[in-house]
Amino acid sequence: MKIGVMLPLGAGDGPDGGMPGWKDVRAVAEAAEQGGLDSVWIADHFLYRDPEGQIYGMHESWTLLTAVAAVTSRVQLGNMVLCASFRDPGLTAKMAATLAEVSNGRLILGVGAGWHDPEYEAFGLPTDHRVGRFEEWLEIVARMIRGETVTYKGTYYEVREANLDPAPPHRIPVLVAGHRPRMMRLTAQWADMYNTAWYGTPNEKLEEHLEALRQAVETAAKPANAVIPTAGIIVRDPDQQVADPSPNAIPVKDLPEAIRAYEDLGVQHLIISPEPMTPRTVEQIAKAKGH
């Protein structure tokens, strides 16, 4: 079982529930690297508007992940997950190949269709046919990073003899997050990894999503282990204050038992959202992993 942690990105993730700076992101990443964890992950949003209309700002995630690549040497680097609507497919493939070079092959390219309308509207992005757009986008990206020269004309995207030169130094695994039938079909078709989130202890919803993955892989006539299941969970250090604690969070002392439970369900990589997102929480997670 691999264990990774989410890194701070926006308002609420930083010290005392504020906006994290680069030094805060770097400190959490270095704690994960030094603590022996397997991966670090960054979400991808422009902003978040809560149901009451409060807006929370965010840093640009790819820039942060590239910076993290330069100050670490061992941990895998993941997107959780890139919103396909924010960057066109050819650009995304080029960025992924370059970050794979910078990081010596440590990138996991996590992708999804996007969902938060307020950030789309604020930045002038279309909110229609999100999964239809993602289907075309994902095919182009996946084929390019796997070494193909791609010519594709779809409803939303078009490329002509697009390829990656220089090519990435290693195969870049593609992770897809989602759960509806169309997204599961695309996961089975193009992904190396699958993610479902955000949980505490395993529950019926998790088991339903893992079964949907199994069925989608079987329908695609692929080997049972063709797509690695991953899960996102929330883990709290009760000795530190959290401004807005998640009701799903499990205390860090219960993490070893949770790891065994997820492992029993076939999950191979746990991606932990620490509460709070501090080096101390990550250190506690690393200790719990070692038990």
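Colleague: What kind of model is it, and how are residues numbered?

Modeller: It is a predicted model, where local features need pLDDT of at least 70, side-chain atom pairs count only at pLDDT 80 or more, and totals for chains, interfaces and linings use all residues. Residues are numbered from 1 along each chain as its sequence is written, and side-chain values use heavy atoms, with hydrogens and water left out.

Colleague: Which residue does a cis peptide bond join to Asp 165?

Modeller: Pro 166, with omega about 10°. Pro 166 sits in the loop between strand S9 (158-162) and strand S10 (174-177). Helices (H or I, at least four residues) and strands (E, at least two) are DSSP runs, numbered from the N terminus.

Colleague: And the bond from Glu 275 to Pro 276, cis or trans?

Modeller: Cis, with omega near -10°. Pro 276 is in the loop between strand S14 (269-275) and helix H9 (279-289).

Colleague: OK, phi then. What is it for Asp 16?

Modeller: Positive, about 55°, although Asp 16 is not a glycine. Asp 16 lies in the loop between strand S1 (2-6) and helix H1 (22-34).

Colleague: Is Asp 16 buried or exposed?

Modeller: Exposed, at 86% relative accessibility. Buried means under 20% relative accessible area, exposed over 50%, partly exposed in between (1.4 Å probe, protein chains only).

Colleague: And where is Glu 161?

Modeller: In strand S9. Phi of Glu 161 is also positive, near 50°, and Glu 161 is exposed, with a relative accessible area of 65%.

Colleague: Changing topic: how many residues of H5 are buried?

Modeller: 14 of the 16, so H5 is largely enclosed by the rest of the structure.

Colleague: What about Gly 147?

Modeller: Gly 147 follows H5 and has a positive phi, near 100°.

Colleague: Last one: what does Phe 86 touch?

Modeller: Beyond its neighbours within four places in sequence, Phe 86 is in contact (heavy atoms within 4.5 Å) with Asp 44, His 45, Phe 46, Glu 119, Tyr 120 and Leu 125. Phe 86 is buried, at 13% relative accessibility, in the loop between strand S6 (82-83) and helix H3 (89-102). Phe 86 and Tyr 120 are 34 residues apart in sequence, and 8.7 Å apart C-alpha to C-alpha.
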